[in-house]
Amino acid sequence: METLTQTTTNGQHTPVAGPRPFRTAAVLGAGVMGSQIAAHLANAGLQVLLLDVAPESIGKEGKPNSIVESAFKAATKMNPAPFFTPAAQKRVTLGNFDDDFEKIGSVDWVIEVVVERMDIKQSVMARIEEHASDTAVISTNTSGLPINEIAEGRSDDFKRRFLGTHFFNPPRYLKLFEMIPTPDTDEAVVERVAHFARVHLGKGVVVAKDTPNFIGNRIGVYAMMQALRQATEGTYSIEEIDQLTGTLIGHPKSATFRTADVVGLDTLRHVAQNLYDAVPDDESREAFQVPDVLNKLVDAGALGAKTKAGFYKKEGKVIKSVNMQTMAYEDPAESDLDISSFKGGKLGDRLPKLYADGGRVGQFFRETTLDLFGYSARRVPEITDSPADLDRAVAWGFGWEMGPFQMWDVLGVDQVRDDLKAAGVEVPDWVADVPSTGFYKEEGGTQHVWIPGKGEYVADPRPADEFGLAIIKQDEKKTLWKNSEAALLDLGDGVALFEFRSKANSLGQEVMQGLSDAIDLVENDRNLRGMVIGNEGTNFSVGANLGEVAMAVMMGQLDQVGGFLEGFQNTVMKVRYSTKPVVVATHQRVLGGGCEITMACPHPVTAAETYIGLVELGVGLIPGGGGTMMMAAKAGELAANQDRPSEIQPFLRQHFEQIAMAKVATSAHMAKEMHFLPPEAVIVMNDARRFHVAKAEVVRLSEQGYLPPPVRTHIPVLGKPGRGQFEVALHQFEEGNYISEYDHFLASKLAYVLTGGDLPGLTEVHEDYLLALEREVFLSLLGEEKTQARIQSILTTNKPLRN
């Protein structure tokens, strides 16, 4: 069959479709990693066969599937959850190696995740070759054993379809996916797995060399062990090191010791010991030598979070840390460390300040950073040929904002080179050849990276469907409109993007007025097809700007709040009824007003890891930007017969409970089940692709001939009788001390709007009627002292609302 291709500007023909996706998979080994890999494959829509040993084969008693069933059950109870929804769990079929191994013959991809012993893995590979299809891709998820050795003794055909695929734990949440092809692996197999992992599993793919622990763990574990030694051999406490190795330097807030506790101290010891044994020629091998304190904690059963004691232990309300000499848990020691002057702002601005600091903060940062730079440079080209791949592996695998070479560029290549020499840190000869401008440079809109083996910059482009906004904003002509907190950007092909840039992407007056103006501009410009709403913030939006609301209330300007609220509602409805397609592209937290904008959008595109909900009751309010109205309308739409209150009530009850309990969907798929997203919403597994897909959706809708959905003129609401059912339940909850009197009061106000106010019974109403009720109740609640106190508490703690 001829491949469908398109002609590029240089006359070359390239495929317009990616490689054939996998539809079925078998995961061999149902341990912590195997069960979670199976879960994420099921999240992607695959039918998955999960196998493990039968008890009898290892000298134990029990039903043939008891081991795999126990492991799978444990996976369904993990927190954070490896499955998007319970529906995904049903796509996993369980079995055992004795009775069900031949079933792997029907799957597209076989992933081996058995115990980390070479002899066992090789024996499993022999069985796979016997039973697997001759077209199936075979991979091993080993974290450290030589990939090529695992396939020893297998046929040439097997080896062409075999490679290493290293998921990071937890597979659903950590982006890194290391691929380790052997010299025999077919390039088409590498391309197929890489494309599937990136597009359908949401992964950041890095091709690694077949070296111990590949890239991510080799560098990340080194950095962790060196930070740990600053406590065991240096002058810094556990708490101080966690202050210095967390968000301050662009690492996760769990930093070093809290991360170790979460990962499990037994796991950390195992990884470090394996690395120590596997790298006899590494000049820094001693860095992986397990320190005594880690051995003592593990031997004592203090394994971290899973045993509620590790480097940290919570006693009452006090979080204590282990004394590394006495092994007793003690209150945090007094510290003269002051990092307040370095907090806030962009990481690229903080790092030079930290590096230049003359105190203990700067001393720690310089010593550990220079050591990391030297080790990372010495590993190129051993573990990878590209500094960019090393940076990506550490960033995606350990949640760092910047990798070592990116940080080096920020601090200045020449300055760091001089400081490394002065500190006696060994670096390879190729470092001297890197231009003063840095390891990276932009050229023609494409990132280039210095490749030591070639002695020159080589293009390192992002996939075409993973474009960001920074490159667009560099061209002033691409900004079609802007105000102080938002802008309208030209994405090309007649599609604009509305980006809001407020603090935490909160929805204040500037943002909402800007959104309204942007929609007007797009509707009136015949060169524009439509618009995407999105941004590159940590979260899509944490909701309305409570600071503006609180200030207006304090100044007695409730009329001003009422005007803003009505304008907010009108803008949300504009998103829905725009005469040109408006596509909301969400990611991460989408709370309150952000949820309402998304609910209003007829055709949203959402990252799979979208956590969306109406959380306003947590601050003493009801959803006032149209959310309550839309939940009431949705209940009627879902009812099989809108003339029967009994068929509307179950959906209304679900929506009432979600809002009253401030429930947040923990995935985009769950958001569909909670009716925050429509069934036809497009879910993108890789959030880096969301702008590309949203843009394509605008083009598709425009090409087919776009009309907005009709206005909701006949929403069935249940009136006083429907509200009465909620009141009975609320009374029982209060009597049982499950909710407070004020919670009862707030939920009653919510029920009042959801059921249409004081109507005598089932009545059809216009959406404007319910929007007016929303405003009335929202403004009345703003006058309540307890609501005002809750708002002030949120603003004081600077924490977003959540369930």
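**Stop one: charged pairs**

Select Lys320 and Glu315: their side chains meet in a salt bridge, 3.0 Å from N to O. A salt bridge here is a side-chain nitrogen of Lys or Arg within 4 Å of a carboxyl oxygen of Asp or Glu. Lys320 is buried at 18% relative accessible area, while Glu315, at 32%, counts as partly exposed. Buried means under 20% relative accessible area, exposed over 50%, and partly exposed in between, with a 1.4 Å probe and protein chains only.

Some housekeeping: this is a predicted model, where local features need pLDDT of at least 70 and side-chain atom pairs count only at pLDDT 80 or more, while totals for chains, interfaces and linings use all residues. Residues are numbered from 1 along each chain as its sequence is written, and side-chain values use heavy atoms, with hydrogens and water left out.

Next, pick Glu499 and Lys473, whose side chains meet in a salt bridge at 2.9 Å, N to O. This pair links distant parts of the chain, with Glu499 in strand β19 (residues 495-500) and Lys473 in helix α19 (residues 470-473), 26 residues apart. Helices (H or I, at least four residues) and strands (E, at least two) are DSSP runs, numbered from the N terminus. Glu499 is buried at 5% relative accessible area; Lys473 is partly exposed at 32%.

Now select Arg218, Asp282, Glu283, Arg378, Arg379 and Glu382 together: salt bridges that share partners join them into one network. The structure holds 41 salt bridges.

**Stop two: the loop between β8 and β9**

Zoom in on Arg172, which forms a salt bridge with Glu609, the closest N and O atoms being 2.8 Å apart. Arg172 lies in the loop between β8 and β9 and Glu609 in strand β22 (residues 605-613), so the pair ties together parts 437 residues apart in sequence. Both Arg172 and Glu609 are buried.

Stay with this loop and turn to rings. Rings of Phe, Tyr and Trp (its six-membered ring) pair if their centres lie within 6.5 Å; planes under 30 degrees apart count as stacked, over 60 as edge-to-face and the rest as tilted. The count by this rule is 29 aromatic pairs. One of them is Phe168 with Phe398, edge-to-face at 6.1 Å centre to centre and 75 degrees between the planes. Phe168 is in the loop between β8 (162-167) and β9 (176-181), and Phe398 is in helix α16 (residues 387-398), 230 residues away. Phe168 and Phe398 are both buried.

Select Phe373, Phe405, Trp408, Trp430 and Phe439, a cluster linked by ring pairs. Then show Arg127, whose charged end sits over the ring of Phe101, 4.1 Å from its centre. That label needs NZ of Lys or CZ of Arg within 6 Å of the ring centre and within 35 degrees of the ring normal. The charged end of Arg258 sits over the ring of Tyr312, also 4.1 Å from the centre.

**Last stop: cysteines**

How many disulfides does a search of the whole structure find? It finds 0, with a disulfide taken as a pair of cysteine sulfur atoms within 2.5 Å. Cys595 is buried at 0% relative accessible area, and Cys601 is buried at 2%.
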